[in-house]
Amino acid sequence: MHTADLGLPVDVPSTALFTDQYELTMLQAALRAGTAGRRSVFEVFTRRLPDGRRYGVLAGTGRVLDAVENFRFDPDVLRFLRERHIVDAETLDWLAQYRFSGDIWGYPEGEVYFPGSPVLRVEGTFGECVLLETVILSILNHDSAIAAAASRMSSAAGDRPLIEMGARRTHELAAVAAARSAYVGGFATTSDLAAGFRYNIPTVGTSAHAFTLLHDNEREAFRAQVDSLGPDTTLLVDTYDVAEAVRTAVEVAGPGLGAVRIDSGDLLLVAHRVRQQLDELGATGTRIVVTSDLDEYAIASLAAAPVDAYGVGTQLVTGSGHPTASMVYKLVARAESGAAGADDAAPLVPVAKKSSGGKTSVGGRKWAARRLDSDGHAEAEVLGTGPVPASLADRQLLVQLVKGGEVVAREPLDAARDRHTAARANLPLSATQLSRGEPVIPTEYWHEGSGS
């Protein structure tokens, strides 16, 4: 299935060079050593959440599926590798036939995660899996960081809608991915038309200060906008004097004016004054939209203000201080060397890096489940290898995304958005607190006989 099958008009181009050179040199060495075909299991996880965060939000899974499906070494790419002498002729021949033929399991997009959670598990030969490390991590680290910030902001906003408007504050392609992740995390709309075109996200937008400054006075600007877009438009009222602009806006559009936008000043104070003024002018249904360097803390501080919607840019697309989810892609199991029979039938043996400084990992092909308390809320993220205990069998988190190289779990973006809303609601109430704290539930490792 391609993006067009979901009604999306853009397919992803080749992603083969979205990788680090050492992945290709490892492949070359493994081909020469005869180990490139050894069955392997890689897992994506984070060792810790960003400082102060209570949960993570997985986003970008759909983009990963597109990237894996389009990981192809076409003639131009192979020519580049050959001319730069990056790999030898044998490796180039192998790359020319590359198609990922393994399996991928993962947390479904929009799900929450915690330290150690195996949010993605990639299984296949070492050669075909190792090449995917960088493209998978670049997508998941960026998108999950944005989604986590978006989730905190949407939680702080409550029932008030959020507008993503950060395209001018990041790379043009990152802006599209950020808008997608923000939508998963709870934002309602985006100002970025490329995101609307590619992912069918609702788009909004009316005017900036430049439109007001273009005209001889504010009344002419408002009249031009209302004549073009109708009285339900949103008029920007802080170019000159806010009170005068609100009065003029209602005179021009009438009491049915859709909304006014405030983009500067003490938003709490100004919002109260504007609401009072609008009501006195009979524009009781006119909404108030606020923008201006908002983050989750500013949004929370405006909870008591008469605000109807928030527009967020810079802080969202930069992860509100945490622009990466710090995920890693690690080999956790491989086929036993020297085992009798075909490699794909050889037993898997756990492998893990042993290191000081907090970079240790846990070997073995893992399952993950979320244990619930008596009230039905999450109380622990349980990870383990081997058989899944009966008590957790119906609480497993990983689903199959790719089977034998074929994507089997592509879904509309709204499914990920709805899933996140449900997953966040299933967490303890303290998950939505903005104060610094540890992960809202612990990560536990299950071993046979542990009783977990």
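The following legends describe several views of a predicted protein model.

**View 1. The protein chain as a whole.** The predicted chain contains 15 helices and 18 strands. Its C-alpha atoms occupy a box of roughly 85 × 60 × 40 Å along the principal axes. Of the contacts between residues at least 6 apart in sequence, 74% link residues that are at least 24 apart.

**View 2. The surface and the interior of the chain.** The protein chain has 452 residues, and 50% of them count as buried.

**View 3. The charged side chains.** The chain carries 43 positive side chains and 57 negative ones. The centres of these two sets are 5 Å apart.

View 4. The strands follow the order 14-15-18, and their pairing is mixed. Strand 14 (366–372) and strand 18 (443–446) form the edges, each pairing on one side only. On average, neighbouring strands of this sheet are turned by 30° against each other, with direction ignored. Strands of a sheet are held in pairs through backbone hydrogen bonds, in either a parallel or an antiparallel arrangement.

**View 5. The pairing of strand 14 with strand 15.** In which sense do strand 14 and strand 15 pair, and over how many bridges? Strand 14 pairs with strand 15, which covers residues 378–385, in the antiparallel sense over seven bridges.

Terms used:
Residues numbered from 1 in each chain as written. Predicted model: local features only at pLDDT ≥ 70, side-chain atom pairs only at ≥ 80, totals over all residues. Heavy atoms only, no water. Pairing = 2+ DSSP bridges. Helix = DSSP H or I, 4+ residues; strand = E, 2+ residues; numbered from the N terminus. Axes fitted to C-alpha atoms, helices over the stretch in contact; angles between N-to-C directions. Buried < 20%, exposed > 50% of the residue type's maximum accessible area, 1.4 Å probe, protein only. Contact = heavy atoms within 4.5 Å. Lys, Arg positive; Asp, Glu negative; His and termini not counted. Charge placed at Lys NZ, Arg CZ, Asp CG, Glu CD.
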